[in-house]
Amino acid sequence: LFLQDAHNSSVLNNDVLGAFLQSGPVARLSRPVEIQFWHDMVLVSRSALGSPAGAGGTGNWSRDGCETTHREGTVICHCDHLTYFAVLLLPAATLSPAQLASLTHITTVGCSLSAAATLCTLLFCCFSAPTGSPPCPPRSFRQRLRDNTNRIHMHLLAALLLLNCSFLLSTLLAASTEGLCRGIAALLHAALLCALAWMAAEAFHLLLLLVKVYNVYIQHYLLKLCLFAWGLPTLAVVAVLVFKRDTYGHCTISTSEGHRNMTIVPSTRCWLTSSTAHYATLCYAGLILLFNTLVLGRVVMILRRIQQQKGQARKDWVTVLGLTCLLGTTWGLAFFSFGVFLVPQLYLFTILNSLQGLFACLWYVSVHRRSRLSSISNTSR
C-alpha cells in the first residue's frame, strides 16, 4: 500500500527515499532540497505524476511543495520540505504492444488498398475524359455546379492518395535522419489538412446543390475551392517549417509496457512533436467535421422529406452512407478516445478511415455507372 496511491499509480523502480532531521518536521525551506532518481526506462513525460510526492504514511501521496524536471535517465526533484519521496507513474489507458501491432497492420493494409484504389480511379478518369466534344450552350448555375462535382471528387481522391502515401512513408522512414523525417512529417500534416479541407469543400458544394435556392454566380468557383483546400493548408505547413521546424520529427507511441526496460523499443513514426500543433490540428478538424455533420444532417432531412416510395428507402440510406464517407464524418471518432472507449474507438477509427479512399472510389464508380446508364437510357428514348 505504501508503494501506491489512491489512483493505483506505481512507484518508479520501487524506490522510496526518506529525508528527516531529529529536531522535528522540516517544511517551507527557502532553498529547496534536490533529489535525483536514476532509471533505465522509457518514460513518457505525461505519465509521471508531475513531481515526487511526500507520503502521509498510509500511501496517500501529495505533490505539494515539489517541482520535477525530466532529463535522459534522470528525474530531478526540488522540494521545500523533508519526508518520504518517490516518483509515481500514472496508470494511463495505453495500448498493449499486441494491440499496437494489430492496429499498425490494419492501418498499413487499409492505406495500401485506399492508395491503390484512388490511384486507379484517378488514372481511369484522366484517360477516359472525353476530347473534342462540341461546344455546349450556356448553362445555368446549378448545371455548372453539377459539372464541378466530378472535379471536386477527383481533388478529394488526390488528397486521400497523398495522405495514404505520406502516412505509409512516415512509418517506413521513422528510423531515418531527423531532416528526412521532419520533411515526411510536414508532408503528412499538409496532406491531412488538405484532405479535411476537401471534405469541407464537398460539404459546401453539396449544400449549394441541395439547399441553395437562389442562382448566385460564384466566379472562378473551382479555383477558389483549390486555393482554400490546397493553398491554405500548404501555406500553414510551410510557415511552421520556416519559423518552428522542430514541430515535426520523430514521434513515439507509448504502450502499456512503455515504462519497462529500454531494450523494448517503442513504436515511432514521423509526425507532430508539439502538443500545441497537435491541439490546433484537432480544433481545425473539429470545426470542419462539425460543419460537415450539420450538412449531412440537413441532407438526411431533405431525403426524408422527399421520400415517398417504399422502394426508395434503401437507395436513400445508401446515399447517406456514401456521403458520410465523402464528408469524412467518421473522423469524428477521434474525439472519443478516452476511458473505456479508447480501444474500441481506435479499432473502429483505424478500419473506417484507413479505408476511406477505397470507400470513396466505390462511391464514385457507383455514381458514375448510374449516370452512364441514365444517359444511355435517355439516348435510346
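# Reading the labels on this model

Me: Why is Thr 121 called buried?
Reply: In this predicted model, Thr 121 has a relative accessibility of 8%. Buried means under 20%, so Thr 121 counts as buried.

Me: Where is Thr 121 found, and which residues does Thr 121 touch, leaving out those up to four places away in sequence?
Reply: Thr 121 is in helix α1. With residues up to four places away in sequence set aside, Thr 121 touches Met 154, Leu 157, Cys 361 and Tyr 364.

Me: How do you know how α1 and α7 are oriented to each other?
Reply: Helix α1 covers residues 97-127 and helix α7 covers residues 342-354, and they pack at an angle of about 15 degrees. Angles under 35 degrees count as roughly parallel, and α1 and α7 are therefore roughly parallel to each other. Their axes are 8 Å apart, and the crossing is right-handed.

Me: Which residues of α1 and α7 meet?
Reply: From α1, the residues include Gln 99, Ile 106, Gly 110 and Ser 114. From α7, they include Val 343, Tyr 347, Ile 351 and Ser 354.

Me: What makes α3 and α4 roughly parallel or roughly antiparallel?
Reply: The two helices pack at an angle of about 155 degrees, with their axes 9 Å apart. An angle over 145 degrees counts as roughly antiparallel, which makes α3 roughly antiparallel to α4. The crossing of α3 and α4 is right-handed.

Me: How many aromatic pairs does a search of the whole structure find?
Reply: The search finds three. Two of the pairs are taken up below.

Me: Why is the pair of Trp 198 and Trp 230 called edge-to-face?
Reply: The ring centres of Trp 198 and Trp 230 are 6.1 Å apart, and rings pair if their centres lie within 6.5 Å. Their planes stand at 65 degrees; planes over 60 degrees apart count as edge-to-face, so that is the label for this pair.

Me: Which parts of the chain does this pair link?
Reply: Trp 198 is in helix α3 (residues 178-210) and Trp 230 is in helix α4 (residues 221-243). The two residues are 32 residues apart, and the pair links distant parts of the chain.

Me: What makes Trp 198 buried and Trp 230 partly exposed?
Reply: Trp 198 has a relative accessible area of 0%, and buried means under 20%, so Trp 198 is buried. Trp 230 has 24%, which falls between the 20% limit for buried and the 50% limit for exposed. Trp 230 is therefore partly exposed.

Me: Why is the pair of Phe 204 and Tyr 221 called tilted?
Reply: The ring centres of Phe 204 and Tyr 221 are 6.4 Å apart, and the limit for pairing is 6.5 Å. The planes are at 35 degrees. Stacked needs planes under 30 degrees apart and edge-to-face needs over 60, so the pair is tilted. Phe 204 lies in helix α3 and Tyr 221 in helix α4, 17 residues apart.

Me: What makes phi of His 220 and Arg 28 worth a remark?
Reply: Most residues other than glycine have a negative phi. His 220, in the loop between α3 and α4, has a positive phi of about 50 degrees although it is not a glycine. Arg 28, in the loop between β2 and β3, has a positive phi of about 55 degrees and is not a glycine either.

Me: Why is Arg 28 called exposed?
Reply: Arg 28 has 78% relative accessibility. Exposed means over 50%, so Arg 28 counts as exposed.

Me: How do you know that Asn 292 is buried, and what lies 2.7 Å from a polar atom of its side chain?
Reply: Asn 292, in helix α5, has 0% relative accessibility and so counts as buried. The atom at 2.7 Å is the backbone oxygen of Leu 327. Among the residues that Asn 292 touches, not counting those up to four places away in sequence, are Met 199, Ala 203 and Thr 329.

Note on methods. Residues are numbered from 1 along each chain as its sequence is written. This is a predicted model: local features need pLDDT of at least 70, side-chain atom pairs count only at pLDDT 80 or more; totals for chains, interfaces and linings use all residues. Side-chain values use heavy atoms; hydrogens and water are left out. Rings of Phe, Tyr and Trp (its six-membered ring) pair if their centres lie within 6.5 Å; planes under 30 degrees apart count as stacked, over 60 as edge-to-face and the rest as tilted. Helices (H or I, at least four residues) and strands (E, at least two) are DSSP runs, numbered from the N terminus. Buried means under 20% relative accessible area, exposed over 50%, partly exposed in between (1.4 Å probe, protein chains only). A polar contact is a pair of N or O atoms within 3.5 Å; within protein, one must be able to donate a hydrogen and the other to accept it, and residues adjacent in sequence count only if both atoms are side-chain atoms. Contact means heavy atoms within 4.5 Å. Axes are lines fitted to C-alpha atoms, for helices over the stretch in contact, and angles run from 0 to 180 degrees between N-to-C directions. Angles under 35 degrees count as roughly parallel, over 145 as roughly antiparallel, 65 to 115 as roughly perpendicular and the rest as oblique. A crossing is left-handed if the near helix is turned anticlockwise from the far one by less than a right angle, and right-handed if clockwise.
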